[in-house]
Amino acid sequence: MEYFARLLARHGHTDEAVTRLSAGIEDRLLAAALVDIAEGAGRDEDVAGLLATRIPDQHRCDSPWCCRGLDPDDAIGLLATIRERQGRVDEAIALLRTRHITSVNNRDQLADL
């Protein structure tokens with residue numbers, strides 16, 4: 001689905017790509033592709049709203065196997081990417097500070113920001 005959606009977006013069907021990926025937002029890879037495609041589609045706020053619903057107020061995973069699919073820390077990181085892209089860096093930083101895990105694959109998004 002990720003590759004198909006990226007293909008759709010490259011050929012001018014970004015709204016269809018966003019719609020298809022939105023249905024699979026619980027998958028981390030599809031959610032990341034959705035964030036990438038939303039940038040070119042002008043749909044950042046729509047995608048940000050979808051990601052925000054994946055971030056519960058109180059729950060934080062204490063192990064990599066806590067949540068299925070898109071866990072709150074991944075959703076926070078993707079939402080912070082959108083906020084940074086929108087020039088809302090302070091909001092992105094505040095979001096990233098709420099994550100339980102700060103470094104993924106030897107890369108720390110907060111430090112990069």
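## Where a helix begins

At the start of helix α5, a side-chain oxygen of D71 comes to within 2.9 Å of the backbone nitrogen of D73. A polar atom of the D71 side chain also lies 2.9 Å from the backbone nitrogen of D74. Helices here are DSSP runs of H or I with at least four residues, strands are runs of E with at least two, and both are numbered from the N terminus.

D71 itself sits in the loop between α4 and α5. Is D71 buried or exposed? It counts as buried because its relative accessibility is 16%; buried means under 20% relative accessible area, exposed over 50%, and partly exposed in between, using a 1.4 Å probe and protein chains only. E26 is 45 residues away from D71 in sequence, yet their C-alpha atoms are 8.2 Å apart in space.

## About the model

This is a predicted model, in which local features need pLDDT of at least 70 and side-chain atom pairs count only at pLDDT 80 or more, while totals for chains, interfaces and linings use all residues. Residues are numbered from 1 along each chain as its sequence is written, and side-chain values use heavy atoms, leaving out hydrogens and water.

## Following helix α5

Helix α5 covers residues 72-85, and its 14 residues should span 20 Å at 1.5 Å a residue; the expected span is 1.5 Å times one less than the number of residues. The C-alpha atoms at its ends are 20 Å apart, which agrees.

Ten of the 14 residues in α5 are buried, including P72, I76, L79 and R83. Their cover includes α3 (28-41), α4 (44-52), α6 (89-96) and α7 (109-112). Just after α5, G87 adopts a positive phi of about 85°.

## The core

The largest nonpolar core has 28 residues, and L21, I37, V47, L51 and L70 touch the most other members. Such a core is a set of buried Ala, Val, Leu, Ile, Met, Phe, Trp, Tyr and Cys residues joined through side-chain atoms within 4.5 Å. At least two residues of this core come from each of α1 (2-10), α2 (14-22), α3, α4, α5 and α6, and α3 gives the most, with seven.

Which residues does L51 contact, leaving aside neighbours within four places in sequence? They are I25, V35, L70, A75, L78, L79 and I82, where contact means heavy atoms within 4.5 Å.

## The whole protein

Stepping back, the protein has seven helices and two strands, in the order α-α-α-α-α-α-β-β-α from the N terminus. Of its 113 residues, 35% count as buried.

Note on methods
Polar contact = N/O pair within 3.5 Å; in protein donor to acceptor, adjacent residues only side chain to side chain.
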